[in-house]
Amino acid sequence: MADAAELDFVNRALTLLVKELASALPDKGGDPDDEELRKHERDAARLMPVAVREGLARAPWPSATRTAVLKKPADQPDYAPALALAVFKVPNDFVRLVRVHGDCNANWRGSEIVARDQATLTIDYVAMLRLSELIYDAALFAYLATHLAFLLARPLTDARTVQAQLFDLREQEFRRSWGSSLGQQRGGFLPLSSVDRRADSVFDPDQERRFR
């Protein structure tokens, strides 16, 4: 059963979608009927974790950043000891790397971080948080809900205007939320250059599909 934060999140996304549909497709009679609305609700519940993960992966959000001490596992790949390297598994809630503590020449690749051979590795990373945790960062919460609304509009082939409008709105919310996050940022986080620069792009459904 969805909690209050999840219901708020889905309702925000659906409100944005319905508003844009009514504005862009007046010939369809404005608001969707009950059957269409239920379909949108089902799609929203299905796409909610996708929207959150994609949105969190886009920037090193301070409010979603956590610190973890990774321990070198006993079963290292054959090449690792020979090259004086250690392969560390990232946490289960890992979304993207923010920072590796110390001078260890680390490289992140998927679910692993390869670094100089050592017993432990301390990292800061963006975590896949519950919406009940993310709701305290209002700007980020709003951006993620707008991203969900955009994902809901993408399959609507007769609503390219809606897609474009929600794309623009999503990018506005991204810039606002990232600007708010910069005010929270502590020393040592990745610079703005580490952010996905799609905020500067022009809406192109085919281009958007390539990012999936």
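Select Trp-108 to begin: this residue counts as partly exposed, at 40% relative accessibility, where buried means under 20% relative accessible area, exposed over 50%, and partly exposed in between (1.4 Å probe, protein chains only). The model is predicted, with local features requiring pLDDT of at least 70 and side-chain atom pairs pLDDT 80 or more, while totals for chains, interfaces and linings use all residues. Residues are numbered from 1 along each chain as its sequence is written, and side-chain values use heavy atoms, leaving out hydrogens and water.

The structure holds eight aromatic pairs; rings of Phe, Tyr and Trp (its six-membered ring) pair if their centres lie within 6.5 Å, and planes under 30 degrees apart count as stacked, over 60 as edge-to-face and the rest as tilted. The rings of Phe-94 and Trp-108 have centres 5.3 Å apart and planes at 70°, so this pair is edge-to-face. Phe-94 belongs to strand S3 and Trp-108 to strand S4 (residues 107-109), 14 residues apart; strands are DSSP runs of E of at least two residues, numbered from the N terminus.

Now display the sheet. Three strands form an open sheet in the order S1-S6-S3, with antiparallel pairing, where pairing requires at least two DSSP bridges between two strands. At its edges are S1 (65-71) and S3 (94-100), each pairing on one side only. S1 and S6 (residues 120-127) share seven bridges; Thr-65 has Val-126 of S6 as its bridge partner.

Finally, select Trp-61, Tyr-143, Phe-174 and Trp-178, which ring pairs link into a cluster.

Key: Helix = DSSP H or I, 4+ residues; strand = E, 2+ residues; numbered from the N terminus.
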